[in-house]
Amino acid sequence: LDVRHARRRPQCHSCKHTSTHPSPLKRETRLMTPTSLRTIQDEHASLAAVLTSLRLLEQRGPAKEPHKFFEAMRAMLFYIDEFPERQHHPKETEWLFPRVAAHSPEAARAIEQLDRDHERGEAAVRELQHLLTAWEMLGDARRPVFAQALKRYVAFYQEHMRLEEVVVLPAALAHLKADEWDAIDRAFATNDMLLTPGVQRDPAFEALFSRIVRSAPSPIGLGD
């Protein structure tokens, strides 16, 4: 399962033609970037692929397999809730963000927004889990509320990742020194919940990954 290229590169909303605005961390420079930044990019790609699959699956609906449908939706929402809060956000907040903010006022302002997003996002995904349960238990009358909440959450999280990749990560590359990168790289080296190949994962999450891959549609899973 390879989701590293499942997501479009970050868009600059001030640009009229996004295709002419290259990503600050272009594919050809990935080998030159610190391993922790490549890990962050891969984690963003994993999360974006899960978000895309959630939207696709919601639009299809339960059809004749409601049990399979809601199982896949719950598994993906659990992943979104569990992975950022356990590994991704804490390490950004502790190891990356303070160092970048100390060097770049522009990045510091963006980081303030990103930290607020982390708090808001946790509550939003828990609300999605509740709304999904309401749809499953109470029927299709609850589907529109869930669908609108999911649409808002996906847009919110995509913008969150865009801001980080367009402002914070380029500032990190421009300003941080080798010893700072060494510390950040060591912190991110233990991440073990990626939905990408070649990553040693926490054994406790293997069943979750298998369920997502088996039940969810592309780009994250093998479902139709």
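## A buried tryptophan

A residue counts as buried when its relative accessible area is under 20%. Tryptophan 135 has a relative accessibility of 2%, so it counts as buried. Keep in mind that the model here is a predicted one.

Which helix holds tryptophan 135, and which holds phenylalanine 69? Tryptophan 135 belongs to helix H3, while phenylalanine 69 sits in helix H2, which covers residues 66-103.

## Rings around Trp135

Searching the whole structure turns up 7 aromatic pairs. One of them joins phenylalanine 69 to tryptophan 135, with ring centres 5.3 Å apart and planes at 70°. That angle is over 60°, so the pair counts as edge-to-face. Because the two partners lie in H2 and H3, the pair ties together parts that are 66 residues apart in sequence. Phenylalanine 69 is at 4% relative accessibility and therefore counts as buried.

Tryptophan 135 also pairs with phenylalanine 70, again edge-to-face. Here the centres are 5.4 Å apart and the planes make an angle of 85°. Phenylalanine 70 is in H2 and tryptophan 135 in H3, so this pair links parts 65 residues apart in sequence.

## Helix H3 end to end

H3 spans residues 105-138, which is 34 residues. From its first C-alpha to its last it reaches 49 Å, close to the 50 Å expected at 1.5 Å a residue. Just past the end of H3 comes glycine 139, with a positive phi of about 100°.

## How H1 meets H4

Two packed helices can be described by the angle and the distance between their axes. What are those values for H1 and H4? The axes of H1 (residues 35-60) and H4 (residues 143-175) come within 11 Å and cross at roughly 165°. Since angles over 145° count as roughly antiparallel, that is how H1 runs relative to H4.

The crossing of H1 past H4 is left-handed. How many nonpolar, polar and charged residues does the contact of H1 with H4 have? By class, there are 15 nonpolar residues, 2 polar ones and 7 charged ones.

Notes:
Residues are numbered from 1 along each chain as its sequence is written. This is a predicted model: local features need pLDDT of at least 70, side-chain atom pairs count only at pLDDT 80 or more; totals for chains, interfaces and linings use all residues. Side-chain values use heavy atoms; hydrogens and water are left out. Axes are lines fitted to C-alpha atoms, for helices over the stretch in contact, and angles run from 0 to 180 degrees between N-to-C directions. Helices (H or I, at least four residues) and strands (E, at least two) are DSSP runs, numbered from the N terminus. Angles under 35 degrees count as roughly parallel, over 145 as roughly antiparallel, 65 to 115 as roughly perpendicular and the rest as oblique. A crossing is left-handed if the near helix is turned anticlockwise from the far one by less than a right angle, and right-handed if clockwise. Ala, Val, Leu, Ile, Met, Phe, Trp, Tyr, Cys and Pro count as nonpolar, Asp, Glu, Lys and Arg as charged, and the others, Gly among them, as polar. The expected span of a helix is 1.5 Å times one less than its number of residues. Rings of Phe, Tyr and Trp (its six-membered ring) pair if their centres lie within 6.5 Å; planes under 30 degrees apart count as stacked, over 60 as edge-to-face and the rest as tilted. Buried means under 20% relative accessible area, exposed over 50%, partly exposed in between (1.4 Å probe, protein chains only).
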